Amino acid sequence: MPHDCNHTINQKAKDPVCGMQVDIAHASVKADHGGQTWYFCCQGCREKFLSEPEKYLSNVPRPVTSLHQHSAQTQASAARVTASASMYTCPMHPEVNQDHPGSCPKCGMALEPVMPVVDATRQQWTCPMHPEVIQDKPGACPKCGMALEPMQISQKPPQDPELRKMTLRLWIGALLTLPLMVIAMRGWLLHPWLGKLSSVTWNWSEFVLSAPVVLWAGWPFFQRAWQSLINRSLNMYTLISLGVSVSFVYSLLVLMFPGLIPASFRGADGSLPVYFEAAAAITTLVLLGEVLQMHAMHSTSAAIRGLMELAPPTAHRIAGGVEQDVPLSRVQVGDSLRVRAGEHVPVDGAIIQGSSHVDESMLTGEPLPVAKNTNAAVRAGTLNGDGSFVMRAERVGADTLLARIVAQVATAQRSRAPIQSLADRVSAWFVPIVVGVAVLTFWFWYLAGPAPQFAHALVNAVAVLIIACPCALGLATPVSITVAMGRGAQSGVLFRDAAALERLRDVDTLLVDKTGTLTEGKPKVVALETTGNSTNESELLRLAATLETGSLHPLAAAITSAARERGIAAGYVSQFNSITGQGITGMVEGRPVAIGNEKMLQEFKADTGTLAGKVQSRRAQGAMIAYVLVDRRLAGFIAIADPIRDSALHILRQLRQAGLNIHMLTGDHETTARYVAGQLGIESYQAGVSPEGKLEAVKKLQAAGAKVAMTGDGINDAPALASADVGIAMGTGADIAMQTAAVTLVSGGLTGLVRARRLSQATVRNIRQNLFWAFAYNSLGIPLAAGVLYPFFGLLLSPMIAAAAMSFSSVSVVANALRLRLARL
C-alpha cells in the first residue's frame, strides 16, 4: 500500500494482496508502482502484486498524488471539524437532530448542542431527546418541541440563539407579570382609594399587561403545541398551551362579551372572575423553567468541552533550524515540534530529542506522570512536566487520540439506554391521559363542586394540565447518559453507547486475557537457546527477526526489536504464511523457517529434545516460548517475557470484592499461565486457548446464566469481545479490538475497569433516581391539582403554583444528573 495514500491508517498501510495491516515505520517489503510506494506483509504478497498489479489495485482506494496532499487533506478534515457549525438534539429523544436551535417536535423541550459533523458548509442542529431530528437552522424539535441544540461542542460554552431569545422573553414577561400580580391582589396590596376604580377598568388593565406575555413571550409554546398536533406527537407544550389558552380566552370573553356568559358561571355577588394573571404567571414561570433547564443542559457537555480545551491553539514548529509559532491547524504529519516545560502537547507523535515526565491523567485517568524518553509516544492534550523535548508529529487534527475520544463520546451521548424504554412507553400515553384527567376534573367540579362551580372547575382543570410534566420522564435517562459519558472520558474510559454503560453494572463474570491486560503488553526477549547444531544465537535471531517482519503480533515486535538492539539486519523473506493458533512460516533467503508453539512442533513432527529442561525453567519464570525451526528441524527457542502490571494484583482484589468472578484466558503454555495466575491469585484459568476457544468460553458461561465481560487487546480477542455481554478493549492494543469492544480503557490498564464499573453503577442509580422523581412528581402532582385534598383540608392548588412546580421538575432532573460529574470513581 502506498505511504502517501488516503487509505493509510495510523501510520500503517493495508497490504493490497492479503489485506493485512503493515507498520510503515518498520516495513521491509515494499515496491514502487505507478509512481507510488506500496507496502507488503511478506515477499510472497509483493511478488503476487508485481505479477498482476491491476488485479489488486482495483481493491484499494485511489491514492492521492503526494504525501503533502495527504497531509493537506488531513488538515482540511481537522479544519472542518473545528469550523463546522453545531448540531442540536433533544435530551429525551436523541433521534431528533437539526442544525439549528429550537424545540423538540416530540416533547417540546429546548434542543441541546451535540458533537460536530465534519462539514464546514452546513450548520446543523438536533434535538436532545430525538437525535434523528436534524435541521439546518435553530428552532424547535418537530416531535417534542424542545429547543434544538448545535451538534458541535465548541471549546467555549455555546452561544445558543434559542437561549438568548428565551431569556429576553423571560425578562419582558417577568416585567409585565409583576404589576399584573399586584393588580390581581389589589384588595390586599393597593391603597384603598384605588378601589374606587371599576372592576372593568382593572380587567382591561390586566388584559393590556397579560396580552404581550401570553401572545408574544409565550408564542414559542403555541408554535410547539401546533407542531405536536401536526406531527401527532403530543407533548408538554400541548398541555401548557391548552391550559394557558383556556385561561386567557375565557377571560377575554368575560371582558368583551360578559352578556354571553351563563349566570351559573357567576359568583354569589354576580361578578365574573378573570384569569389574565394566571395565564401570564404560568407563561412566565414556564419560561423561567425553560431558561434554567437550557443552562443546566449546556453544563452536561462541560467535560467534553474541557477535553477540547486541552489542545493548545499554537505549536512551536522547527523548520530549517528556525523555530516558529504556528496555528495548530497548520501542523502537518512529519513536522518537528518543540514542547516546553509546563505546556500541553499539541498533537500525537514521538519524541525525537530530549526527555521529560508527562501528565496523561486527563486522557487515561492515571494520576502519576509518565517518564518519556527518545522514541516514546506522546499524545495531544497531555501536560509536559519540567523537561523540554522535540517531537515528530504523527497524528494531527481529527486523527489525534484526543479528537477521536471527543467524537466517540459525542456519539455515545446521543445513544439510547435500554432502561429508557419504560419512560418511552409511558410518555407515549402520558399527554392523552392527562387531557382526559383534566376533562374529568372539570366536569366533576362543575357538577359536584361548591359555588362558583365553573370557577372551581376551570381552575382545577387548568392546574391539572399545567402541573403534568412528561419532559421530566423523558429527560431522566438522556441527561444522565450525557454527563456519564463525559465523566468517563475524563477518567480514561470510553463507552461505545449507552447500552454498554448500563450493561456493565450487571456483569458478574470477568474473562481476562493475560497478554496486554494483566501484563504490560510490552514483551521483551530474555533468552535465546539453540540446539547446538549449525545455527548460533545471532543467526537464530536473524532468521526469526526476518520472518517476523511480516507479522503484526506483539511477540514479533519483541523479536525484531531485539535484533535491532544487537545490530542484526533482517534478510529477505518470501512465501510468508500465518497459521492461526500455531505460528508463522516462510522462506528466508531460500531456507524454510517457522516460528510457533507446541502445535507448530507437532505439525513438523519435531520435539524439544535436549532443550526441554530449559524450556520448563523459563516457563516457570513466566516466560513465553517461541520455537524456531530451520529446514524443518528445531534450531532453538526464544524466551519472551511480558512483565505483570504493578497494579494488577490490587485491581483484581478490588474486582473480586465487587462480586466479580475472574477467569484468565491465555494462548500461552500451561506452565506460564500457572505462574501468572499464582502471582495474581487467580484460581480459574485456561492455557493454550485459541481465539475460537476464547469465544467458546464466553458462550459457555453465558449459557450457564452468567453476565460476561471480556477484556483483551489483540486481534485474536476480537471474536470473544464481540460475543461477550460487555467487551472491554485496552487502548494500547489492536485497532480491531477497540472497534469490536463496547468499552475502551484508554490507559490500557485494569484500573480503568474499576472506574468504568463504578461509573456504570452510579449512572444507573442516578437514572433510577430521576425516573422515581419523575413518576412520583406526576403521580402526586396531578391528583393534588385535581383537588383531591379539598374534601379533607379545603385546599386547592393554584395553576401558578402548578406552573412553578412543573418548571422546576425538569430542572431538578437535570441537576440530579449533573451530580455524576462529582462521582467518586
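This tour moves through a predicted model, stopping at a helix, the nonpolar cores and a sheet.

Begin by selecting residues 276–299, which make up helix H9 and number 24. From its first C-alpha to its last, H9 reaches 35 Å, which is close to the 34 Å expected at 1.5 Å a residue.

Next, select Ile405, Phe495, Leu655 and Ile728, the residues with the most contacts inside the largest nonpolar core, which has 134 residues. Another core, of 26 residues, lies apart from the largest one, and Ile559, Ala562, Ile584 and Ile638 are among its members.

Now turn to the open sheet, in which 6 antiparallel strands follow the order E23-E28-E27-E26-E25-E24. At its edges, strand E23 (524–530) and strand E24 (573–579) each pair on one side only, and the twist averages 20° from one strand to the next. Selecting E23 together with strand E28 (residues 633–641) shows two antiparallel strands joined by 6 bridges, and Leu528 has Ile638 in E28 as its bridge partner.

Finally, select helix H19, residues 537–548, which packs on the sheet and touches E23, E24, E25, E26, E27 and E28, while its direction makes about 80° with that of E26.

Note on methods: Residues numbered from 1 in each chain as written. Predicted model: local features only at pLDDT ≥ 70, side-chain atom pairs only at ≥ 80, totals over all residues. Heavy atoms only, no water. Helix = DSSP H or I, 4+ residues; strand = E, 2+ residues; numbered from the N terminus. Expected span 1.5 Å × (residues − 1). Core = buried A, V, L, I, M, F, W, Y, C linked by side-chain atoms within 4.5 Å. Buried < 20%, exposed > 50% of the residue type's maximum accessible area, 1.4 Å probe, protein only. Pairing = 2+ DSSP bridges. Axes fitted to C-alpha atoms, helices over the stretch in contact; angles between N-to-C directions. Contact = heavy atoms within 4.5 Å.
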